[in-house]
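Visitor: I'd like to learn how to read ring contacts and surface patches in a model. Can you walk me through one?

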Amino acid sequence: MLAIYRRELKSYFTSVIACLFIAVTTLIAGIFFVYYNLSYGVSEMYSVYQCLLILVFTVPILTMKVIADERRQKTDQLILTAPVSVGKIVVGKFFALETIYAVPVFVMCLYPLILSSFGTVSFKTSYTNIFGLFLYGTAFIAIGIFISSITESQVISAILSIVVLLMGYMMQSLENMISSNGNILTKILGCFDLYTPVQDFLNGVISLSAVVYYISITVLFLFLTCQSIQKRRWNVSKKTIGTGVFSMGFIAIVVAVTVFANMIATTVTSKVSSATIDMTSTALFSISSDTKKMLKKLDSDITIYVMAPKTSADSTIKKTLERYQSTSKHIKVEYKDTTLYPNFYQKYTDTAPTSNSLIVVNEKTSKSKVVDYNDIYVSDSYSYYTSGSNNASSYDCEGQLDSAISYVRSNTTYKIYQIEGHDEAVTDTTNFGSDSNLKDIVSKYNAEIESIKLVNRTEITTDECAALLILGPEKDYTEDEAKIVINYLNNGGKAIIGLENLTSQGVDKPNFNSILKEFGINVQSGVVAENNTSYYSTQYGPWFAFADGITGYASGLSSYVFAPYTSGLKQVKNSDDSITYTALASTSSDSVLKTNASKATTYKKESGDVDGPFDIVVSVEKTVTTTKTNDDSNKSSDTSNSSEENSDSTDETTTNTASLLVFGSVYSLSDTMDNSVSQSNTQIVNNALKDYIDTEVETVSVPAKSLSSEQLTVTESGSRLFGILISVVVPVIILLAGIVVWVRRRKR
């Protein structure tokens with residue numbers, strides 16, 4: 001076999017075919033690499049490896065002569081009569097072609113390394129793409145070798161190979177033309193869908209079914225090649241039951257085994273989550289451990305209806321749903337073709353959902369919730385503003401599904417009151433965008449935001465309100481309004497507060513600040529200017545402070561905490577032991593509090609300014625013990641004084657915990673600021689709501705996963721240098737080397 005391998009490899013490199021194949025493949029890939037990655041600074045290699053169509057035309061040129069030419073020149077008789085098995089002959093030729101194919105693949109392996117010099121690149125995703133590309137081309141080579149073995153003409157071999165490979169590349173489209181819902185014919189044709197499995201690799205996923213498919217296709221066509229040659233090696237009499245009959249039976253067995261192996265691999269992949277390895281940087285095709293825990297605790301059957309035919313449904317959503325099914329036996333997925341069932345949705349909603357939307361149904365209670373397709377793929381408003389196209393920037397299928405499953409299992413609706421009436425900087429969460437990050441997080445806990453005005457109320461109870469949302473009041477509260485909030489919190493209430501200190505500079509808010517002071521938070525009057533260059537972005541300036549998440553709800557964040565025009569927060573001195581004050585993020589010691597920011601002439605400290613550091617996000621818990629006496633009078637005291645003896649007899653003593661999450665700047669929660677730090681700010685809110693909302697069923701809120709690749713900063717000189725090297729120099733050198741070798745051989 002080694003002799004066959006060497007002979008074949010030498011014959012290809014002494015002709016121009018090998019070098020031509022390598023040069024053309026690297027040239028096309030290089031052009032894609034320069035255009036997408038170097039020109040636009042895209043870190044993902046997906047676009048480069050989309051040049052797979054070129055293999056449909058280049059691989060047949062590589063394989064057309066491997067056996068057909070030997071048959072034409074009758075030199076195959078020497079090999080067929082040699083003391084070497086047909087299997088070794090075929091495998092030797094196959095590995096020779098694989099070696100040639102490996103050269104351009106190796107060149108592509110350099111692309112991620114080149115890009116890494118300009119920024120962060122996900123190597124595991126890039127090399128998963130390349131691994132899939134290699135398996136994809138390997139199957140092409142095996143098919144080309146087989147077609148070359150059934151004809152003596154190189155031209156016919158090349159044309160047949162192109163036709164067959166092109167059909168395999170377009171098979172999914174052909175299936176959809178035949179039937180959108182699938183039938184026996186489409187299932188048979190689907191066995192030769194060469195392109196769909198490689199999509200897993202291009203998306204950054206290594207799946208058992210895709211690996212088994214390409215390996216089985218390669219082995220099957222190499223086996224068929226052996227049978228094709230075998231039939232010519234031995235001429236068997238028709239009167240004898242021998243090689244011919246045995247070959248047909250053996251072929252049928254091998255084909256059956258191949259189909260069976262792929263069926264098992266597909267079933268295992270859809271049922272066992274470990275059969276798929278997610279190599280994407282954001283774990284796009286995986287579900288979180290929190291989701292898995294929730295699904296394993298399901299005690300009622302949940303059906304997820306997909307408003308699309310299974311064959312044409314969104315592939316990413318399909319993979320997510322497969323993970324849900326493999327994790328819990330209580331999850332069932334059904335696909336509904338809206339052309340065949342146009343009124344199916346009316347059982348669950350009055351409005352027709354968008355194609356590929358999901359309807360989640362509790363089979364026990366028939367409670368349902370629609371997850372619209374437009375909520376699964378979150379659009380980037382900034383991209384729309386700059387490019388005019390509504391490009392999806394993140395994928396939120398898991399978060400939306402978890403919320404819907406919790407909703408259909410729950411019998412309770414939770415409300416979060418948003419306080420208005422004080423010229424709040426944000427009078428409605430929709431001011432942060434119709435699908436704002438903050439509003440989205442709240443909705444995932446199946447909580448409704450209801451706007452209220454304290455002037456119309458005498459109290460707020462914890463039974464009616466799961467948490468208060470206070471977003472940047474510019475005017476002060478009245479004493480009565482402040483008392484309502486304080487009483488609510490002392491009775492075990494929760495609050496998420498964002499302070500406004502940009503347009504309300506110089507406005508005294510003693511009553512509002514008394515709420516925070518009651519719980520150990522002192523609001524410094526002024527705006528923080530950060531003077532440490534490591535704690536602010538030159539893009540925004542010192543008024544926009546960055547900080548690392550330290551602990552508590554801010555631990556484990558993927559990026560910084562961002563606080564534009566923030567107030568400075570400090571713990572009240574000598575606050576009692578019942579208060580637990582936690583600084584989640586703080587400025588540097590170089591920061592200063594500008595007490596009159598509108599008249600500041602420098603970011604450095606001036607007369608009247610206060611030295612930092614300051615806290616910009618804090619969480620507070622206060623334990624309050626309430627004692628109910630016989631004469632029905634109530635007495636409240638902090639736990640720090642609970643050791644004091646009460647002379648009155650008591651009927652009941654209750655302990656409540658007030659919880660506050662306070663942002664020094666309400667603008668930290670705006671989508672623009674939040675997205676600039678990978679939604680770290682609202683992730684803190686998400687982490688807090690896990691404790692704040694005591695749901696009757698387990699609720700999981702998973703943030704949307706980014707679809708945007710890491711942007712690279714590619715210099716013009718670097719783009720020009722590597723562009724010329726990859727797309728011009730390398731292909732030309734390879735092609736010239738092949739021509740030189742061919743010319744020298746011709747002169748001998």
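Visitor: How many aromatic pairs does the structure hold?

Guide: This is a predicted model. It holds 29 aromatic pairs.

Visitor: What describes a pair of aromatic rings?

Guide: The distance of the centres and the angle of the planes.

Visitor: Is Phe344 buried or exposed? And Tyr348, buried or exposed?

Guide: Phe344 has a relative accessible area of 18%, so Phe344 is buried. Tyr348 has 16%, so Tyr348 is buried too. The cut-off for buried is under 20%.

Visitor: Which residues form an aromatic cluster?

Guide: One cluster is made of Trp543, Phe544, Phe546, Tyr560, Phe562, Tyr565 and Tyr603.

Visitor: What sits over the ring of Tyr407?

Guide: The charged end of Lys367 does, 4.2 Å from the ring centre. Lys369 also lies over the face of Tyr407, with 5.4 Å to the ring centre.

Visitor: Now the surface. Which residues make a nonpolar surface patch?

Guide: Ile724, Val728, Val732, Leu736, Ile739, Trp742 and Val743 make one of about 550 Å².

Visitor: Where does Val732 lie?

Guide: Val732 is in helix 24, which covers residues 716-747. Its relative accessibility is 41%, so Val732 counts as partly exposed. Patch residues need over 30% relative accessible area.

How values were computed: Residues numbered from 1 in each chain as written. Predicted model: local features only at pLDDT ≥ 70, side-chain atom pairs only at ≥ 80, totals over all residues. Heavy atoms only, no water. Phe/Tyr/Trp six-rings, centres within 6.5 Å; stacked < 30°, edge-to-face > 60°. Buried < 20%, exposed > 50% of the residue type's maximum accessible area, 1.4 Å probe, protein only. Lys NZ or Arg CZ within 6 Å of the ring centre and 35° of its normal. Patch = residues over 30% accessible without salt bridge, like charges linked within 9 Å, V, L, I, M, F, W, Y side chains within 5 Å. Areas by Shrake-Rupley, 256 points an atom, 1.4 Å probe, with all protein chains shown as cover. Salt bridge = Lys/Arg side-chain N within 4 Å of Asp/Glu carboxyl O. Helix = DSSP H or I, 4+ residues; strand = E, 2+ residues; numbered from the N terminus.
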